[in-house]
Amino acid sequence: MRKIPGGNAHIVSDFKMDHTQLFFLYLLLGFGAIQGTRGAIWFTNLPNTVNVSENKVSGTHVFTFGVNSSPTPQSIKVEIVNSNPLTTAFQVSIQGAHGVVTVSGNPTLDFETGPNVFSLPILAMDSNGDRNLQILTVYLTDVDEPPVFWDNQPIIAYIPEGAPPGPVFQQMVFDPENKPLTFTMTPAHPAFIIDSATGYILSKETFDYETGPQSYTFQISVSDGVNVVNTTFMVYIVNTNDAKPVFNITSRMYKIAEELPPGTVAANITAVDPDGFNYIGYLLYSLSPNEYFAINKYTGAIYVVMRMDRDSKPLRDSPLVDVQVTVRDSPTGLHSSSITITFNVTDMNDNPPICHPGALRVQVPETEVTGALIASVTCQDIDVDPVYNNFTFKSLSCLNCNNMFALEPLGSRNIVLKGNLDFEDPNNLYVGNEYSLAVVAEDTASPYMTGTVYVYVTTIPVNEFPPVFHPTSYVFPVHESSGPGASIGVVNATDRDFPIVGIRYSFIAGGSMLGYSNIFWINPKSGSIQLLVQPDYEVTQQYVLVVQAVDGDPINPLTGTATVTVNIIQQNVNPPLCSPNGTILIIPMNLYPGTTIQDYMMTCTDLDSPPQAFRYSIQGNSNVNNHFSFTPTAGTNITRLVLKEAFDYSSGLDKLWAYKLTVLITDDNLLAGASQPKGLVQTGTIIINIQVVNPYLTTVITTTAPHITYVTRKENVYSPTAWYVPFIIALGAMLLLGLLGYLLYRLGRYLSTKDCSCCLPRAQKYKEPLISDTDNNHKKELVMEMTKINTVFDGEAVDPVTGKVYEYNTKSGARRWKDTQIVTKPQLEQPESSVLIIPVEPPSPMPEKSRSGKARPGTRSGGDPAGEKAPESPGPEVAPTSQRTGRRTALPSQRSKRDRLEVPKEVPRDTSTAQRPPTQAAVLETTDLSEV
């Protein structure tokens, strides 16, 4: 340690350079020495030391040195390299043959906060590359600086009227040399004093805005014994709200008409504030909950929000509506007044006569007599005032009625028949047998409102005439060969009644045959007669049917009958039937022609033909070589099979040993001259099997008598027209499978709801319990955990009806009324221009139970939302403290708000504000629930 020559006495540390810096300097010097053969650079007056005062401005001269080069003068550049400590506070330049070191101004040289000694290595280099380096040591000297205010702007403080004497403001000043400071305030005033040692300003009296001065201005002087600084301190007395608003209306009864449109102003309610805060928005009006009125919260205008009907409940029972109007000041809402006003809703003729029902439908039979009562209409006027609810029936109108209806007696509500309602009358048919009547009811008082009831009269047809056949009897021929579905004829009946409701036909007698109840079918709608089965002339030659026609009247149907005679025309429809069929005959190969084959004789019958009508032949492809024939071949119903040509197996002419003869029997032989039906020819068929054998073989021929052999033949009789059979079978199988799956699903659902614990294996009982029960009377504890989820209301809006502010959740849509009357603890806040607000009175301590039970969630004065005691918080964010001055730098979140000043610990404060954040002042504010 040493003393700096030529300056004030200061203790500074010796200058030291680390090994790296020394190595670098020696390396530069050695490099210069190696190149010294070309030339050299030398300094004059370096190395050296110099003293510089702190706070020097940019460009201040520090030191001048000489620099030259050899053998010839060269252009030289100088610079400061690797200063210790590293700094840009100094700069060096060449001015002629000298180098000049000056202050750069960045950073500012500060003795209290920065280094006091700087080692500046100055490097000189010419255009030949020669270098030299010398060190200039700079010692920073201290300067006595004046005190500094934290805020250089004028200080403004606001004190609400009625505030008790107490601390107002403390001037925040610091001295760079930490000298003791002395505070004075001019001019002197009995209402304020200042602590000369701490600078704390206190009020000595209670202020009144209406009677006393409303502002004060002082000069604050701060001295450190040598230097003196001044600032302006202004105090404004704030007018406070300490009186209730007063209504200035003369009447509390208002008469209004019903049916006013929403938005119509019904009354104007005004009030004044004795404190003088009568600007728009300061006084807020509210209305007790009701369904008819709302109030403008700023102007006090009461307007209609809902239709008021004097003729409906509850106004029909009582036309008086009482509402309570409350006015309170804002934003605190500490003072309010209320009055009750009454609205008398008056009646008006606003309802026409209303008929019940408004449209009436009446059905009258066409046989109704003249003068009969058709209908009676009922109307009512719901106006409350008897002057407005009287009415009369003025008129009855009907289009195309031809005076068929009238009101009798005139002006009454009864409608009677005056004409003929015959349904078949052409005039009535022209109008469709329907009549639309309009009966008008009219008020007897202005504005003579009317009501109309519509009566729709419909004529009901009466079934007066039975169906009549034209003609009353029918004769139809039908061939015996006609099959099922063949059309025989059509019967027709007509009905004189209107409207035509249709006629249905049916058989009531005739048409049976051989077990059939009826071989005929009649279309019930068209009257078309068809065959159900083929007729048989040989059984029945004529049928007599009785057909009945029934009209479509569902209540009283009428009938008519007709006779239908069906004659069957004979035809050849039956083929000949012969026997035996399928016979097997065995003959020797040497049988003589003309011989009857095993005495085979065939007998034939035909229901349609005589025995002489038969003709016999053998199909050619089955009678190979024409060996067989029948005798006789026609004219009889009995014939024999004979061998026509002998067999010739030896020459090879015959090779077939088994013959299957197909015999054709037709009934078209007319040679006998008997009565023969003309037209169709029927053919019968039989099969004869013949086996030819060689009689010369040793095989003994059995002597068994000829017999009939039955041959069974299988044939696929499936027809493509029967496709629906496998389709129905497959569809039925799929439906059964679906039903089975559904039943299994329902069974599973049923079993899932049953307790199957009985089916589980039972736990094996141990002889000894794992845990002994030493106390059977111990008390069981039930632990319950509850989680409370609070809805976050992140938006707010104004209700257009009540004017109240409500909050809502933008996601769920939940709403609640916003309570704007919650006041947090007063806090002192420092505005941007050193504005200070002082509360009216210190809030009294609040019991712990009251704080936890009444405070809203999220407010500064209450607990947490769950009702638990909130942990003590150090308050808002505290800015970091500067190492030099001790002042706190505002955080980014605080710079957008007003700066807050810290209250010194030595100043006594009310214990009720012990939980306030360490700010300079408390600000009286209303909690904004939208920030919760």
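**A tour by selection**

Select next residues 821-932, another stretch with pLDDT below 50, for which the model has 201 contacts beyond near neighbours in sequence. Where pLDDT is low, the predicted coordinates should not be read in detail.

This is a predicted model, in which local features need pLDDT of at least 70 and side-chain atom pairs count only at pLDDT 80 or more, while totals for chains, interfaces and linings use all residues. Residues are numbered from 1 along each chain as its sequence is written, and side-chain values use heavy atoms, with hydrogens and water left out.

Colour the protein chain by confidence: its average pLDDT is 78, and 75% of the residues score at least 70. The lowest mean, 32, belongs to strand β2 (residues 11-12), and the highest, 95, to strand β25 (residues 293-295); strands here are DSSP runs (E, at least two residues), numbered from the N terminus.

Now go to Thr685 in strand β54 (residues 683-693). Thr685 has a relative accessible area of 46% and is therefore partly exposed, a class lying between buried (under 20%) and exposed (over 50%), with a 1.4 Å probe and protein chains only. Leaving out residues up to four places away in sequence, Thr685 touches Asn581, Thr662, Val663, Leu664 and Ile665. Select Pro575 as well: although 110 residues separate Pro575 and Thr685 along the chain, their C-alpha atoms are 9.1 Å apart.

Notes: pLDDT is the predictor's confidence in each residue, from 0 to 100. Helices (H or I, at least four residues) and strands (E, at least two) are DSSP runs, numbered from the N terminus. Contact means heavy atoms within 4.5 Å.
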